[in-house]
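Subject: Structure handover

Hi,

Here is the structure for your files. My notes on its salt bridges and helix packing follow below.

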Amino acid sequence: MADEKASGIVPPKYDVNAKWDTCIDLTVRRFAYSSLAGAFTDSLEAPGCTRIHGDKGSGQQIISVKAEHLRSPVSRWASVAFGAGVGIGSAYTDCSRIFDGPPAKVACPKVSDAPAPQDGQE
């Protein structure tokens with residue numbers, strides 16, 4: 001015990017600096033990986049529904065793709081933002097466990113074998 005105090009070694013349970021380092025590293029990595037996963041997901045080609053409108057005899061045909069709106073810049077940023085939010089949320093959950101320890105176990109309420117009282121009946 002005296003040797004631990006003299007050497008300046010802090011037990012892992014009380015080492016706040018190591019916990020912060022772990023949480024910052026975890027948050028940066030999960031933010032980056034989840035953002036990249038969101039960008040990759042958006043880069044996948046969505047199968048479009050191609051429909052041909054118009055008269056085949058007149059030569060005027062309009063081809064429309066319904067999945068066209070899925071490739072807009074707004075949807076790309078939304079996919080990246082969703083991925084980043086998932087990464088930050090999962091890092092926050094793990095960091096709260098690192099600082100506070102595992103959540104306390106809640107005991108289940110005991111259910112009695114007696115029948116439930118009926119209102120209006122005696």
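R30, D94 and R97 are joined in a network of salt bridges (a side-chain nitrogen of Lys or Arg within 4 Å of a carboxyl oxygen of Asp or Glu). Note that this is a predicted model: local features need pLDDT of at least 70, side-chain atom pairs count only at pLDDT 80 or more, and totals for chains, interfaces and linings use all residues. Numbering starts from 1 along each chain as its sequence is written, and side-chain values use heavy atoms, without hydrogens or water.

Helices here are DSSP runs (H or I, at least four residues), numbered from the N terminus. D94 also meets R97, at 3.7 Å from N to O.

R30 is partly exposed at 27% relative accessible area (partly exposed lies between buried, under 20%, and exposed, over 50%; 1.4 Å probe, protein chains only). D94 is partly exposed at 22%, and R97 at 46%.

The structure holds three salt bridges. One of them pairs R29 with D25, closest N and O atoms 3.2 Å apart.

Now the packing. Helices α2 (residues 16-43) and α3 (residues 73-100) pack at about 155°, axes 7 Å apart. Axes are lines fitted to C-alpha atoms over the stretch in contact, and angles run from 0 to 180 degrees between N-to-C directions. The two helices are therefore roughly antiparallel (over 145 degrees).

Best wishes

Conventions
Angles under 35 degrees count as roughly parallel, over 145 as roughly antiparallel, 65 to 115 as roughly perpendicular and the rest as oblique.
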